[in-house]
Amino acid sequence: MLTIFKLYGTGVLHDRNLGQVHFKDSKGNLLKTIEANEGDDLLSIAHEHDIDLEGACEGSVACSTCHVILTPEHYDLLPEPEDDENDMLDMAFGLTDTSRLGCQVQLTRELDGMVATLPSATRNMFVDGKKPTHH
Amino acid sequence: MYDRLWAPHGLVRYGVAPDHPEVKNCTNKFDITAKDPRLRFFGNVNITTPAAASPIPHNLSLPFSSLLKNYTHLLFSSGCTIPTFHPALPPSDRCISALSFVHWYTQHPSVAHKPPPPLEKTEHVSIIGQGNVSLDVARMLLTPPSTLEKYDVPNSVLEVLRRSAVKRVSIIGRRGPLQAAFTVKELREMMNLEDAAMDPVDPALLAVPEGEKLTRQQQRTMQLLQKGSKNQPGTTPKSWSFEFFRSPTHLAPAPEDALSSTRPLSLTLAHTTLSDAKRAVPTGESSTLRTSMVVTALGHHGEPTPWYDSALGHVRTVGGRVVDEHGHTLRNVYASGWAAMGARGVLASTMMDAYAVADTILSDAFPGEFRKEDGDALGSVVPQGDVAKAAEPVLADVVESDDPPAEVEEGLREGVVTDYDGWKLVDAEEVRRGEVTGKERERMGWDEARTFLSQVKSNQ
């Protein structure tokens with residue numbers, strides 16, 4: 001009985017945590033490595049962890065400001081973008097063959113280790129050592 | 001922040017189409033920014049120069065010179081508010097700018113007491129221009145009012161749309177599908193209209209010229225045009241079409257029906273083709289189109305503010321810093337968005353420009369103090385040292401008080417000038433009134449908003 005309970009306990013914890021996502025700036029510098037959980041999308045976890053990724057329309061596929069560039073092997077694992085996402089990607093700055101809207105990238109276990117690079121037009125700045133609070 | 005509109009958010013409130021509510025989610029971020037006590041918003045204030053009168057009669061006028069005395073830095077983010085007209089189509093009650101149509105369905109303060117477009121007498125609308133504004137107008141004319149009534153469409157507008165006789169819309173452009181300025185999202189919405197079908201595009205116009213490399217947007221546009229509308233032509237009560245390679249030359253009453261109560265019009269269209277430089281040039285042929293109303297959607301330009309360049313259609317800038325007619329940079333005077341770049345670009349590009357100009361303002365004011373996360377010094381697009389010459393300063397070097405000019409303070413006390421807290425009260429009330437009829441909000445005009453706010457004040 002104890003054994004079964006313990007295994008179950010470990011299984012629940014293990015399922016929630018899906019692995020790591022690495023956010024990089026346009027020059028390839030690592031901004032942050034984040035532990036992703038079930039149901040997270042890239043925009044939400046970026047905001048939770050103070051990555052400066054815009055989301056002007058708050059994830060409703062009405063803008064292109066959460067545009068990220070993914071590593072090709074992870075891009076290929078994702079389902080194809082729908083028409084509405086592709087319509088917004090048409091207008092994204094610095095669009096690449098492995099670009100997606102961050103709000104539409106749902107994290108799964110097989111995406112462990114994925115790198116999400118912010119495109120070059122995104123601005124990141126801070127006053128010496130002090131980061132502005134991200135809302 | 002000074003705005004001649006009494007409500008903040010500019011085009012987000014008075015330009016975005018009502019059936020695109022998700023675009024307006026950005027106002028949540030504006031609200032958060034507005035909570036910062038260092039930001040003050042003053043609405044219903046028009047900054048004047050001797051030349052121009054305000055298009056909004058109830059504005060408080062504040063002379064430009066007052067701003068120069070009371071502030072150390074100035075930023076124009078005043079957009080491009082004047083529609084570009086077609087030289088062959090002078091405005092009349094049957095030939096209106098798309099901007100005035102958009103102002104009508106958003107109840108912009110400048111049209112509050114003007115009559116609505118006479119849609120009950122209008123069967124066919126010709127839209128000149130093939131950008132997103134054209135498609136917004138077409139979509140508002142062709143979407144059933146019952147579909148629109150849950151969105152932020154004022155009741156008075158819905159009443160006119162319910163009486164509308166519009167059955168057909170022609171969207172006319174002087175060049176072809178590869179040069180059209182609309183984006184795929186808006187084109188797709190037209191194809192999916194419930195009650196309307198698109199006339200198929202002539203296949204010859206959908207053939208890609210030899211050796212031409214299409215952008216991603218152009219490819220997807222051609223695919224959509226080829227596929228056609230969800231509804232088959234001839235199966236719906238309404239229809240619409242693109243008329244490519246057509247340029248209007250004349251609009252007159254249709255001769256044979258001069259006495260008809262609906263007063264049909266005849267629009268003469270010159271046929272065009274593309275020159276080697278991809279400009280529209282006439283072929284010599286022409287045709288006429290029978291129509292009831294013409295709407296021109298040909299872009300916008302800025303107002304003649306100081307340092308406006310009429311050849312450019314916007315304020316003259318280099319890297320966000322305003323430049324005078326001699327090419328001299330003005331110290332601490334900036335412009336961003338459409339005011340600086342002309343009326344091009346959606347929210348994302350205007351936002352990026354705003355961030356770039358903010359970076360420039362900060363790095364000019366505090367040189368060397370800001371760094372980017374990757375360690376690079378924060379710079380402006382054009383380093384200040386590269387600027388050839390500086391003009392005489394126009395703004396005060398130092399300003400003692402943080403307060404706005406006295407007439408603005410008085411305006412606030414009298415309820416003529418609005419602030420952000422007042423807007424949030426009106427915002428909540430508009431949403432509350434909308435809930436009564438199951439819609440996003442029921443908009444107030446200035447008179448109603450002012451009355452509402454004075455009642456709230458007197459109840460305190």
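## A walk through strands and rings

Start in chain A, where strand β3 (residues 67-70) and strand β5 (residues 114-117) pair in the antiparallel sense over 2 bridges. This is a predicted model, so read every stop on the tour as part of a prediction.

Now bring in strand β4 (residues 99-101) of chain A: β4 runs antiparallel to β3(A), and 3 bridges join the two. Here, look for A:Leu101 in β4(A), the bridge partner of A:His67.

Next, show the side chains of β3(A). Both faces of the strand are covered: A:His67 and A:Ile69 are buried on one side, and A:Val68 and A:Leu70 are buried on the other.

Time to turn to aromatic rings. Across all chains, a search of the whole structure finds 12 aromatic pairs. Select B:Tyr2 and B:Phe42 for one of them: the ring centres are 5.2 Å apart and the planes stand at 40°, so this pair is tilted. B:Tyr2 belongs to strand β1 (residues 2-3) of chain B and B:Phe42 to strand β2 (residues 42-43) of chain B, so the pair ties together parts that are 40 residues apart in sequence. Both B:Tyr2 and B:Phe42 are buried.

Then move to B:Phe242 and B:Phe244. Their ring centres lie 5.3 Å apart with the planes at 25°, so the pair is stacked. B:Phe242 counts as buried at 8% relative accessibility, and B:Phe244 does at 4%.

For the last stop, select B:Tyr14 and B:Arg443: the arginine lies over the face of B:Tyr14, at 5.6 Å from the ring centre.

Definitions and conventions. Residues numbered from 1 in each chain as written. Chains lettered and ligands numbered in written order. Predicted model: local features only at pLDDT ≥ 70, side-chain atom pairs only at ≥ 80, totals over all residues. Heavy atoms only, no water. Phe/Tyr/Trp six-rings, centres within 6.5 Å; stacked < 30°, edge-to-face > 60°. Helix = DSSP H or I, 4+ residues; strand = E, 2+ residues; numbered from the N terminus. Buried < 20%, exposed > 50% of the residue type's maximum accessible area, 1.4 Å probe, protein only. Lys NZ or Arg CZ within 6 Å of the ring centre and 35° of its normal. Pairing = 2+ DSSP bridges.
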